[in-house]
Amino acid sequence: MNPILSKDALKFLDLVSPEPDEILLEMESLAKERNFPTVGPRAGMAIELLTILSRATKAFEFGSGFGYSAYWIARGLPPGGSVAQPRSASRGKGSSASQGT
């Protein structure tokens with residue numbers, strides 16, 4: 001059981017989850033290949049929803065990976081929004097998704 005999200009919240013996220021696009025599939029494949037943990041699509045959807053609800057136009061994502069969380073933040077930003085990342089985190093395949101939406 002997820003200690004943060006209820007079963008109903010998880011069911012909701014499963015129902016509204018979009019089909020993964022090419023960028024997301026590539027990042028998930030890279031994570032699997034490198035045995036690198038990600039927040040996963042359910043938490044990603046929650047991150048996107050929280051970004052939308054916050055009405056943010058800019059975000060700073062200090063991750064240790066290759067842009068997976070930044071991808072979900074970028075999805076929640078309005079057109080023209082942007083996600084800033086430290087240089088070390090912006091080298092991955094998914095970082096292009098976070099370079100302005």
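The protein chain has an average pLDDT of 82, and 83% of its residues score at least 70. Strand β1 (residues 58-60) has the highest confidence in the chain, at 95, while α1 has the lowest, at a mean of 83. Where pLDDT is low, the predicted coordinates should not be read in detail.

Helix α3 spans residues 40-54, 15 residues in total. From its first C-alpha to its last, α3 reaches 21 Å, close to the 21 Å expected at 1.5 Å a residue. The buried residues of α3 are G40, G44, M45, A46, E48 and T51. Among the elements that cover them are α1 (7-16) and α4 (68-76). An α-helix has 3.6 residues a turn, so residues three or four places apart point the same way. After the helix comes R55, with a positive phi near 60°.

Helix α4 also holds W72. This tryptophan counts as buried because its relative accessibility is 2%, below the 20% cut-off. Beyond residues up to four places away in sequence, W72 touches P41, G44, M45, I47 and E48, together with L24. Of these contacts, G44, M45 and E48 are themselves buried in α3.

Methods
Residues numbered from 1 in each chain as written. Predicted model: local features only at pLDDT ≥ 70, side-chain atom pairs only at ≥ 80, totals over all residues. Heavy atoms only, no water. Helix = DSSP H or I, 4+ residues; strand = E, 2+ residues; numbered from the N terminus. Expected span 1.5 Å × (residues − 1). Buried < 20%, exposed > 50% of the residue type's maximum accessible area, 1.4 Å probe, protein only. Contact = heavy atoms within 4.5 Å. pLDDT = per-residue confidence, 0-100.
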